[in-house]
Amino acid sequence: MIPIVKTDVLIIGGGPAGLSTAIKLSDLFNGNTFKNDNKTFNNSIKILLIDKGSSIGNHSLSGAVINPVSLKELLPDIEVKDMPFESQTSKEDVLYLTKDKFYKSPLTLPYFNNEGNYLASLGKVTRWLADIAEKKGVQIYPNFAANEVLYKDNKVIGVRTKDSGVDKHGKEMDNYQYPTDVHAKITIFAEGARGSLTKSVTEKLQLDRKGNPQIYSLGVKELWEVQEGKINEGYVGHTLGYPLTTDQFGGGFIYGLKKNLVAVGLVVGLDYADPYFDTHHAFQIFKKHPFVLNILKNGRVIKYGAKTIPEGGYFSIPQLYHDNMMIVGDSAGLVAMPSLKGIHLAVKSGMLAAQTAFEAIKKNDTSYQQLSIYEKLFNESYIYKELYPVRNFRQSFKKNLFTGMLQFGTQIITGGRGFSENGKLQMDADYTHYNQISATKGNSFLNKYKDELNFDKVITFDKETDVFYSGTTHDEEQPSHIQILSADACQNCIIKYDAPCQRFCPAQVFEIVSEKSTGEKSLTLHPSNCVHCKTCDIKDPYKNVNWTVPYGGDGPEYINM
């Protein structure tokens, strides 16, 4: 029999959005006495947060440049100097790279100014927030993977966690453990980008029916220890150009942390058309550029990670609430473009959701109508003020860099409307943009860079080596958490697109194997390599991959990332 746990507020995900919800909600309830249903509430509200990582922070990954505004609001008694940041931003460059050269922008581009911001490890920040939340009475349980949303009368009533002790064929083994049903008055979805439960509840309740489809970038990142003097503490470098083409959205970053630590990475929009493009491999080529190589040479890699970033902007945000539920942070797509910042918005959204939940529980009313206060608070907040003026930014770049810059220039002048007649630019979902292999005509990424895809394991690394540096582990006896929905669609994908899954995945989860006697190709999965970025769930041209949670505690360990 499946055990049932009851709580007042359930938060799914221990990132900045979920933890900020917990902290703010605890602060609101502490010291407040009120009655409903003849019951007196005073410090007795149960707030439960569960996270699929083995510990809080292990699945948290970002660049990360943090605007501290919302953390200062959340924690007014803590000075910024006492927050776990690595360094304050100092010098900042925007560079355009060609194959062998670079050109610095003489001006600070709009929205690229990071004065007053801080470089940080998001994992450190989330662990720090978790410690604060626990001291305020929040119950935090890592190692619990929320696997299914529970409903009653089409209303969310909680979640069911993943069971364990099941073999690859779905048979219960001797160590089988039942799942747990967690029932709550309000469930907060804070899973990060492309959360599996957020995806399912959005589809079931049609929360995205009025907006643009969400679109994403994939970011890959390595943490390096470099020689002293190679980079200044607080340095922020953003690059455009090489090795990306002008019809690809994206760029690189180089951040100087402290103690000779450097965060280096590449972020690429997943609306690219080339089925042979590989973000991880492009990142390795990026590191060989003279500007980047000069920093990394004679250093050593410490960690690797990858994550997707929701970039659709204001018009891609789903309805943020329904009966008994709300969505916060990256799960809601709250990333400001073009500055590529979402952590402060995630924290603020958690605070707004907490305020909404506080009022709802006081009134003993968690209905759709009552929780609509969240939308009102959202529209009055600086989240809206940051997202609305750049509401069409990402969609402007659906053709190429130059038309995108022109569109963006007109948007700055027109308050975000640009050339659009109704103020809203359209863009299709990422999986729709592929060219078939017959249309690549030898101009693919693979053809262009095939001679450079030799990994020396000093500066450049193959995917399997980088997965090692991610600390990723999974119980290999469990059924695959990456589900292929149709074998026929998979074969069609191999024929028309040469199985781009083997390239878009930054962790070598998908392998195409040829039968020696017939030459017939088939897919082999390596789910134990998965770093939980969800790219497969986003970019497969047939929507043929469904990413679900593995056992609780499995996945990467992004310590200090």
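Is N324 buried or exposed? N324 is buried, with a relative accessible area of 13%. Buried stands for under 20% relative accessible area, exposed for over 50%, and partly exposed for what lies in between (1.4 Å probe, protein chains only).

The views below show a predicted model, in which local features need pLDDT of at least 70, side-chain atom pairs count only at pLDDT 80 or more, and totals for chains, interfaces and linings use all residues. Residues are numbered from 1 along each chain as its sequence is written, and side-chain values use heavy atoms, with hydrogens and water left out.

**View A. Two residues with positive phi.** Most residues other than glycine have a negative phi, and most peptide bonds are trans. N324 is not a glycine, yet its phi is positive, at about 70°. N324 lies in the loop between β21 (321–322) and β22. Helices (H or I, at least four residues) and strands (E, at least two) are DSSP runs, numbered from the N terminus. K259, also other than glycine, has a positive phi near 55°. The loop between β18 and β19 (261–269) holds K259. K259 counts as exposed, at 69% relative accessibility.

**View B. Two cis peptide bonds.** Y242 and P243 are joined by a cis peptide bond, with omega about 5°. P243 sits in the loop between β17 (236–241) and β18 (250–256). A cis peptide bond also joins M337 and P338; here omega is about 10°. P338 belongs to the loop between β22 (325–327) and α7 (343–362).

**View C. Helix α1 against helix α3.** The axes of α1 (residues 16–29) and α3 (residues 122–135) come within 9 Å and cross at roughly 20°. Axes are lines fitted to C-alpha atoms, for helices over the stretch in contact, and angles run from 0 to 180 degrees between N-to-C directions. The two helices, α1 and α3, are therefore roughly parallel to each other. Angles under 35 degrees count as roughly parallel, over 145 as roughly antiparallel, 65 to 115 as roughly perpendicular, and the rest as oblique. The crossing of α1 past α3 is left-handed. A crossing is left-handed if the near helix is turned anticlockwise from the far one by less than a right angle, and right-handed if clockwise. P16, L19 and I23 of α1 make the contact with L122, T126, L129, A130, I132 and A133 of α3. Contact means heavy atoms within 4.5 Å. These residues divide into 8 nonpolar, 1 polar and no charged. Ala, Val, Leu, Ile, Met, Phe, Trp, Tyr, Cys and Pro count as nonpolar, Asp, Glu, Lys and Arg as charged, and the others, Gly among them, as polar.

**View D. Helix α1 against helix α7.** The axes of α1 and α7 are 7 Å apart, and the helices pack at an angle of about 40°. That makes α1 and α7 oblique to each other. The crossing of α1 past α7 is right-handed. From α1, the contact includes P16, A17 and S20; from α7, it includes I343, A346 and V347. The contact residues divide into 13 nonpolar, 5 polar and 1 charged.

**View E. A mixed sheet.** An open sheet of 7 strands runs in the order β8-β7-β17-β18-β19-β16-β20, with mixed pairing. β8 (102–104) and β20 (300–310) stand at the edges; each has a single partner strand, so one side of each is left without a neighbour in the sheet. The twist averages 20° from one strand to the next. Within the sheet, β16 (residues 216–225) and β19 pair in the antiparallel sense over 9 bridges. Two strands pair if DSSP finds at least two bridges between them. L223 stands opposite A263 in β19.

**View F. An antiparallel hairpin.** Strands β24 (residues 510–514) and β25 (residues 521–525) pair in the antiparallel sense over 5 bridges. I512 has L523 in β25 as its bridge partner. The hairpin has 6 residues between the strands, and G519 takes a positive phi near 80° there.

**View G. A buried loop residue.** T460 is in the loop between α13 (445–449) and α14 (463–470). At 2% relative accessibility, T460 counts as buried. Leaving aside neighbours within four places in sequence, T460 is in contact with Q284, K287, K288, N454 and F455.
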